[in-house]
Amino acid sequence: MKKVPSLGVDSVVFDLEDGVAADEKTTARSTIPDVLTNQMTVPTTTEVVVRVNGLSSGLMQEDLRSILTRSPSGYPEALMIPKVQSTEDVDEVDRIVGEVCPVAKNQPLPLFLLIEDPLALLNLRDICSHGTKNCSSVVAQVIVFGSD
């Protein structure tokens with residue numbers, strides 16, 4: 001994270017998911033919000049995205065709570081959501097964000113949705129349509145394809 005100001009990149013993704021060992025999750029959850037609220041750490045020209053843990057991990061709600069309970073000036077520009085498989089997943093993310101971040105109802109947070117398996121690919125049209133039209137606290141803006 002200390003290198004971000006010197007990289008000159010358009011976008012940076014801070015990872016709370018696979019890039020963080022299980023015993024380091026708590027530390028990462030406190031470090032990322034500190035970085036986001038310190039304007040000197042991340043240049044204003046750099047888009048900041050935070051990749052949270054997937055719904056099935058049981059860790060997403062705590063990730064979002066740690067990131068979105070501070071001042072809106074410290075919010076990331078977008079949230080990256082891994083392992084999205086259905087419109088129900090998008091609805092659950094919308095519900096959690098709405099709970100932990102009431103401000104998002106006035107200005108929905110952009111989502112980068114990770115499509116990582118065949119079921120998600122089969123549901124892609126519905127996921128995209130639903131994520132752009134049917135949510136109150138989030139809006140799907142980017143689709144990212146990946147797999148193991």
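Predicted model: local features only at pLDDT ≥ 70, side-chain atom pairs only at ≥ 80, totals over all residues.
Close-up 1. Residues are numbered from 1 along each chain as its sequence is written, and side-chain values use heavy atoms, leaving out hydrogens and water. Strand E2 (residues 47-51) pairs with strand E3 (residues 78-81) in the parallel sense, over 3 bridges. Strands pair if DSSP finds at least two bridges between them. Strands (E, at least two residues) and helices (H or I, at least four) are DSSP runs, numbered from the N terminus.

**Close-up 2. Five strands form an open sheet in the order E1-E2-E3-E4-E5.** Their pairing is parallel. E1 and strand E5 (138-145) are the edge strands, and each pairs on one side only. Neighbouring strands are turned by 25° against each other on average, direction ignored.

**Close-up 3. Glu17 lies in the loop between strand E1 (11-15) and helix H2 (25-37).** Glu17 counts as buried because its relative accessibility is 4%. Buried means under 20% relative accessible area, exposed over 50%, partly exposed in between (1.4 Å probe, protein chains only). Leaving aside neighbours within four places in sequence, Glu17 is in contact with residues including Arg51, Pro82 and Lys83. Contact means heavy atoms within 4.5 Å.

**Close-up 4. Helix H3 (residues 60-68) packs with helix H4 (residues 87-100).** Their angle is about 40°, and their axes are 9 Å apart. Axes are lines fitted to C-alpha atoms, for helices over the stretch in contact, and angles run from 0 to 180 degrees between N-to-C directions. Among the residues that meet are Leu64 and Leu68 in H3, and Ile96 and Val100 in H4.
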